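Biologist: I have a structure open and want to learn how to read it. Can you take me through it feature by feature?

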Amino acid sequence: MCIRDRLQYKEFDKQFLLRVPTNLGRTSSWFDLSENSLDPILAILKIALKRNLSNDELYNFLKQNLMIQSDLISPINAAEVVGFDRNNKSILFDFPAWSFVLPWQFENIKEKFHTFPISVKNDRLKSGFKIDSNDPVEIMKLNKLGSLDSHVRQYISLLDSIDKNGLLQGKRYGYISAFILIDGECWRWIIGGEGNHRAAAASAIGYNELDVLVEGIIRKEDSRWWPNVCNGLYTVSQAEQVFDDIFNAKPSFVYSSWKSYFTNKI
């Protein structure tokens, strides 16, 4: 039995705030948060700010390019999200892209298949987009088809709020959450379950440091004890590949078309 994972990688119950360099951060797509990042959301926001777009011009630019990036980045399953090809035998091929879990997460992929769409449904409702279905696959389908406007308005609202008030965090506003990744003497951090929009907006505006709420500390040397390695979803080598790709800001091959488009068209 894999007992040590319960000791080392149980749900982190001692969260703490930490100020981290933005350029050591990794987005949920595994791109870096640096000034030259090609993360789709971050890159689009940076260009919009560089061009000083506002009002209808800003709305139309964000809407057009968020739609394009959504069309260009279409992983079919969870395996493609982590960059696995068919030479990498994995259960991840049997689950939709939005249900993927990282090797060190406590949540398993079957749980996320059911819980993530509900969180998306609730989040979109806060932005004014109501989804009536309770079926996980249908929720995610409707979200992709109909939530673009609410995403655009959410980013515009964030850019405006941060510009006027700074990056608001705390019990009232919530926090950007993060996992700290440690490999030997080096470390990076990746955005956790909350704050993807805020981190992208703050980075685009030019924040060099961010205060994050640490959800967990992940050491590569403990890879064989990670929960989703112990349950067989990842092999040790697959898990370490995922860790290395995030650590080195190497996103999945599914982003190749987006990077080409952004470099040559925008």
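Modeller: Start with one pair of residues. Leu17 has Leu213 in β5 as its bridge partner. Keep in mind that this is a predicted model.

Biologist: In which sense do β1 and β5 pair, and over how many bridges?

Modeller: The two strands pair in the antiparallel sense, and six bridges hold that pairing.

Biologist: Which strand does β5 join through seven bridges?

Modeller: That is β3, residues 176–183. β5 covers residues 209–219, and the two strands run parallel. Ile176 has Val212 as its bridge partner in β5. Ile182 stands opposite Arg219 in β5.

Biologist: What is the strand order of the whole sheet?

Modeller: Read across it as β1-β5-β3-β4-β2. Five strands form this open sheet, and the pairing is mixed.

Biologist: Which strands sit at the edges?

Modeller: An edge strand pairs on one side only. Here the edges are β1, residues 16–21, and β2, residues 25–26.

Biologist: Which strands does helix α10 lie across?

Modeller: Helix α10, residues 236–247, lies across β2, β3, β4 and β5. Its direction makes an angle of about 110 degrees with β3.

Biologist: Now side chains. How do I read a charged residue such as Lys121: is it buried or exposed?

Modeller: Lys121 is in helix α5, residues 109–126. Lys121 is buried, yet has no salt bridge. Asp132 is the nearest side chain of opposite charge, and it is 6.4 Å away. A salt bridge needs the charged atoms within 4 Å.

Biologist: What polar partners does the Lys121 side chain have?

Modeller: There are two to look at. The side chain of Asn134 makes a polar contact of 2.7 Å with that of Lys121. The backbone oxygen of Ser133 lies 3.1 Å from a polar atom of the Lys121 side chain.

Biologist: Which residues does Lys121 contact, leaving aside neighbours within four places in sequence?

Modeller: They are Ile131, Asp132, Ser133, Asn134 and Ile139.

Biologist: Next, Asp39. Where is it in the chain?

Modeller: Asp39 is in the loop between β2 and α2, and α2 spans residues 40–50.

Biologist: Why does Asp39 count as buried?

Modeller: Burial is a matter of relative accessible area, with the cut-off under 20%. Asp39 counts as buried because its relative accessibility is 5%.

Biologist: What does Asp39 touch, beyond residues up to four places away in sequence?

Modeller: Thr27, Ser29, Phe31 and Trp258. Asp39 and Arg188 are 149 residues apart along the chain, and their C-alpha atoms are separated by 16 Å.

Biologist: Where do Asn52 and Asn55 sit?

Modeller: Asn52 lies in the loop between α2 and α3. Asn55 is in helix α3.

Biologist: Why is Asn52 called exposed? And why Asn55?

Modeller: Exposed means over 50% relative accessible area. Asn52 is exposed because its value is 63%. Asn55 counts as exposed because its relative accessibility is 66%.

Note on methods. Residues are numbered from 1 along each chain as its sequence is written. This is a predicted model: local features need pLDDT of at least 70, side-chain atom pairs count only at pLDDT 80 or more; totals for chains, interfaces and linings use all residues. Side-chain values use heavy atoms; hydrogens and water are left out. Two strands pair if DSSP finds at least two bridges between them. Helices (H or I, at least four residues) and strands (E, at least two) are DSSP runs, numbered from the N terminus. Contact means heavy atoms within 4.5 Å. Axes are lines fitted to C-alpha atoms, for helices over the stretch in contact, and angles run from 0 to 180 degrees between N-to-C directions. Buried means under 20% relative accessible area, exposed over 50%, partly exposed in between (1.4 Å probe, protein chains only). Lys and Arg count as positive and Asp and Glu as negative; His and the chain ends are not counted. A polar contact is a pair of N or O atoms within 3.5 Å; within protein, one must be able to donate a hydrogen and the other to accept it, and residues adjacent in sequence count only if both atoms are side-chain atoms.
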